[in-house]
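I opened this entry to keep track of what I looked up. My notes follow the model.

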Amino acid sequence: MTDPLRLLLLEDDPADAELIQELLEVDHFVCEVTRVETRTEFLAALEHADIDLILADYKLPSFDGLSALQLALSVRPDLPFIFVSGTLGEEVAIEALKIGATDYVLKTRLSRLVPSVRRALREARERTERKRTEEALRRNQKYLEEAQRIAHVGWWERDLTTNHVSLSDEVCRIFGVQPVDLPDWHERWLQLIHPEDRPRAAEAAAAALRGGPRYDVEYRVVRPDGVVRVVHSQGEVTWDELGRPLRQFGVLQDITELRLAERELRASEARFRTFVDRATDAFFLLDDQSTILDVNREACDSLGYRREELIGMRSLDFDVALDEASILRLKQRIAAGETLAFETLHRRKDGTVFPVEIRSGRFEQGGRRFLALARDITERKRAEEERGRLRQLEADLMRLNRISMMGELAASLGHEINQPITAAAINARACLRWLQREPPEIGEARHSASRIVSDVDRAAGIIERNRSFYRRGTPKRELIDFNEIIRQMVALLHDAASRHSISIRTDLDAALPKTIADRVQLQQVLMN
């Protein structure tokens with residue numbers, strides 16, 4: 001043997017201990033022997049030493065083999081224990097074997113020692129291997145049960161000769177029953193199935209036993225606590241040589257959450273399709289080759305195609321403003337992460353063309369995808385054209401208004417200047433009359449000439465005031481006597497009023513204070 005045999009030897013006779021070791025080593029055992037004689041030594045070796053085998057004498061001065069066996073069974077029950085004694089009777093030996101000894105060898109027949117040791121070691125290895133296998137089996141069983149619990153999958157078996165049914169713990173949990181509740185399980189099983197699903201499940205089970213389709217059925221379970229679960233069950237039937245069913249074995253999975261998730265996904269997809277179809281923009285989902293994968297209702301309505309017709313078309317089939325090179329450049333920019341917005345032209349199925357605004361971006365879903373939103377901007381273009389026409393009309397009106405204003409200003413200015421010019425002309429003619437008299441009325445002529453100067457100065461003031469207005473200047477404000485301004489205007493308009501038989505009377509307040517104002521503006525207001 002390559003590994004040493006670690007031997008705990010309970011023996012008070014050194015000669016016997018040496019003989020035992022020699023016999024083992026002759027048979028190619030390499031022994032590491034720990035020899036003890038007392039209970040204390042034996043217990044210490046059990047607790048601290050690495051041991052493969054215990055050999056024990058039956059009687060020692062202060063200890064005995066049966067006590068040693070009981071200690072070994074309590075401390076190291078996995079170690080093989082062989083009695084090697086000269087005084088062990090048959091009845092005692094049988095009792096020792098019943099208690100737990102591996103074997104016994106009489107010192108008068110030590111030739112049996114090596115075969116006994118080999119058998120004990122082999123059985124110990126087998127026990128160790130069996131224990132390891134059992135531990136692995138229990139561990140695997142635990143893992144299997146845990147996996148079944150996590151995946152909500154269990155197994156079931158039906159013995160068709162005895163009608164006995166076995167269910168895994170997970171299947172019992174899914175059905176909400178205990179294993180003790182299994183008598184007449186087939187009828188109990190049918191009662192647990194939702195009434196609407198019961199006929200279909202029963203027929204699937206019966207058909208499988210008749211040699212029909214493989215048992216594979218989905219149904220709802222109404223557990224005793226009222227909770228409803230959805231399960232998927234599959235099974236195989238084993239037949240004897242005469243074609244009679246012997247056994248049916250299958251698996252059952254709780255798929256309630258899966259079906260709820262699928263239902264929610266379908267509802268979500270339906271909601272999304274509703275939102276998309278109610279959108280006022282046309283949606284186009286395209287692949288990397290610009291082939292349409294899906295569209296919404298607005299895309300169909302705007303282009304005049306059915307959804308089935310648009311799917312599979314390429315954007316160039318209805319885009320009349322872009323070519324392959326332009327689309328390639330746009331796709332490269334979108335692939336780089338840009339979200340593009342641009343205008344183009346789409347052609348309907350009937351051949352009419354309309355302007356659209358496109359917004360396009362990229363996302364990944366089983367490969368590269370492009371989403372394009374197209375908005376019909378026909379009305380916006382019309383509105384822009386209308387705004388352009390309105391802006392032109394506004395400009396034309398402003399030009400006409402400026403012309404009209406210039407005319408009005410010219411008329412107003414002519415009206416305002418005409419008054420002092422007319423007054424100056426009247427005074428000039430009066431001055432001439434006074435000078436033509438014999439002898440000339442120099443005093444009256446001088447007075448008329450003075451009024452002519454005043455009228456001309458007032459006309460010049462009106463012109464200067466208008467020039468100041470157009471130069472965006474400020475009026476000339478000064479301290480003036482309002483009564484004096486009124487008397488001047490009465491004198492100025494006296495002749496004109498007389499010609500029209502108009503009498504002007506004034507009632508002026510002598511205590512009226514002077515005020516700050518533009519003299520020309522006040523004169524013009526009073527004259528008007």
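**Notes on a predicted model**

I began with Val105. Leaving aside neighbours within four places in sequence, Val105 is in contact (heavy atoms within 4.5 Å) with Ile82, Phe83, Val84, Ser85, Leu110, Arg112, Leu113 and Ser116. This is a predicted model, where local features need pLDDT of at least 70, side-chain atom pairs count only at pLDDT 80 or more, and totals for chains, interfaces and linings use all residues. Residues are numbered from 1 along each chain as its sequence is written, and side-chain values use heavy atoms, with hydrogens and water left out.

Is Val105 buried or exposed? Val105 counts as buried because its relative accessibility is 1%; buried means under 20% relative accessible area, exposed over 50%, partly exposed in between, with a 1.4 Å probe and protein chains only. I then checked a C-alpha separation: Val105 and Asp57 are 48 residues apart along the chain, and their C-alpha atoms are separated by 9.8 Å.

**The sheet**

Val105 is found in strand β5. Helices (H or I, at least four residues) and strands (E, at least two) are DSSP runs, numbered from the N terminus. I traced an open sheet of 5 strands, in the order β2-β1-β3-β4-β5, with parallel pairing. Strands pair if DSSP finds at least two bridges between them. β2 (31-36) and β5 (103-106) are at the edges with a single partner strand each, so one side of each lacks a neighbour in the sheet. Strand β4 (residues 81-85) pairs with β5 over 4 bridges. Ser85 has Leu106 of β5 as its bridge partner.

**Aromatic pairs**

How many aromatic pairs does a search of the whole structure find? It finds 8. Rings of Phe, Tyr and Trp (its six-membered ring) pair if their centres lie within 6.5 Å; planes under 30 degrees apart count as stacked, over 60 as edge-to-face and the rest as tilted. Phe81 and Phe83 are edge-to-face, 5.2 Å centre to centre with 65° between the planes. Both Phe81 and Phe83 are buried. Tyr58, Phe81 and Phe83 form one aromatic cluster.

I looked at Trp189 and Tyr219 next. Their planes stand at 80° and their ring centres are 6.0 Å apart, so this pair is edge-to-face. Trp189 lies in helix α7 and Tyr219 in strand β8 (residues 215-222), 30 residues apart. Trp189 and Tyr219 are both buried.
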